[in-house]
Amino acid sequence: MTVTTPSPRVAAAPARPAPRRPDRLRAWVTRAPLLPSLVFMIVVTQLPFVATLVISFFDWNALYPDDRRFVGFANFSEVLSTPALRRSVWTTVLLTATVVLVSLALGLVLALLLDRRFRGRAAVRTMLIAPFLLVPIAAALLWKHVLFNPEYGLFNGVLHWIGGDGAAQPDWISEMPLAAVEASLIWQWTPFMTLILLAGLQSRDPELIEAARMDGANDRQVFLHITLPHMRRYIELSVLLGSIYIVQNFDAVYTITSGGLGTANLPYTVYQTFYQADENGLASAAGVIVVIGSLVLATLALRVVSSLFRAEVSH
């Protein structure tokens with residue numbers, strides 16, 4: 001009898017990893033068309049910011065280019081301690097908060113109205129977007145000359161038409177300068193808020209609303225307990241994106257009031273410090289503060305946007 005011994009199993013050789021060179025080459029080929037735009041963006045945006053950051057650490061007056069010296073963070077402390085510059089920071093905060101909150105409230109009301117079905121809704125939406133599409137300088141000039149002008153402006157014309165020759169004819173810009181700038185920006189940014197909030201309203205689950213109404217919920221209860229919680233992220237996104245722009249706004253302040261009468265915000269103060277006082281270091285420090293504030297808001301906005309996308313994917 002022959003005994004056969006089982007042949008030992010030959011261990012399978014581990015598979016060799018696939019060569020990575022073709023994958024890397026394919027990745028570089030895919031990204032290559034984007035390289036010129038990336039280089040252009042770095043040259044146009046990042047290098048000037050680095051130069052601004054370096055200049056912000058120097059006491060540098062353009063009238064005396066050879067008499068410059070390193071002062072560290074002295075320019076930043078002066079921006080935050082000088083009364084005029086500190087006032088411009090407060091004006092920037094007040095202007096941003098007022099415009100964003102009022103635009104958000106009006107945008108929410110308009111979004112709720114446009115969410116309903118009625119004849120001509122598409123035309124109304126198109127006309128509503130028009131103010132946001134205007135060039136900011138053109139919008140500011142429209143408010144300054146067509147609406148606010150005390151001699152031929154529309155507002156005083158309406159007051160004269162209602163009250164006759166004895167009607168008040170206020171000089172809107174002189175008597176309420178900051179409110180005049182805010183009104184122009186609110187008019188231009190309310191459509192932006194409306195579009196974002198309307199997109200949020202139309203992403204609601206209709207079955208959930210129908211079930212709530214079948215359970216006896218009225219319009220107020222549906223809005224407070226279903227619509228408003230659903231709109232929270234869209235409201236946050238509107239506030240953050242609007243704040244990023246208004247913090248950096250220069251056009252309306254420059255066009256309507258030229259920074260006078262207590263309306264000079266931080267971007268206008270940067271312009272005034274750089275071009276009129278020729279203080280390059282101080283203006284650069286103020287500009288860096290504006291950029292840092294904008295970056296903080298932009299980071300928060302990007303987080304909100306990504307959370308919106310994650311929520312949509314999960315649904």
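Reader: How many salt bridges does a search of the whole structure find?

Author: The search finds 3 salt bridges, a salt bridge being a side-chain nitrogen of Lys or Arg within 4 Å of a carboxyl oxygen of Asp or Glu. This is a predicted model, in which local features need pLDDT of at least 70 and side-chain atom pairs count only at pLDDT 80 or more, while totals for chains, interfaces and linings use all residues. Residues are numbered from 1 along each chain as its sequence is written, and side-chain values use heavy atoms, with hydrogens and water left out.

Reader: Which residue forms a salt bridge with D115?

Author: That partner is R204, with the closest N and O atoms 2.8 Å apart. The two lie 89 residues apart and link distant parts of the chain: R204 is in the loop between α9 (177-202) and α10 (206-214), and D115 is in the loop between α4 (83-114) and α5 (121-133). Helices are DSSP runs of H or I with at least four residues, strands are E runs of at least two, and both are numbered from the N terminus.

Reader: Changing topic: at what angle do the axes of α4 and α11 cross?

Author: They cross at roughly 140 degrees and come within 10 Å. Axes are lines fitted to C-alpha atoms, for helices over the stretch in contact, with angles from 0 to 180 degrees between N-to-C directions. The angle therefore makes α4 oblique to α11; under 35 degrees counts as roughly parallel, over 145 as roughly antiparallel, 65 to 115 as roughly perpendicular, and the rest as oblique.

Reader: Which residues make the contact?

Author: Among them are L95, V99 and L104 of α4, and F223, I235 and V239 of α11, where contact means heavy atoms within 4.5 Å. The residues of this contact divide into 11 nonpolar, 5 polar and no charged. Ala, Val, Leu, Ile, Met, Phe, Trp, Tyr, Cys and Pro count as nonpolar, Asp, Glu, Lys and Arg as charged, and the others, Gly among them, as polar.
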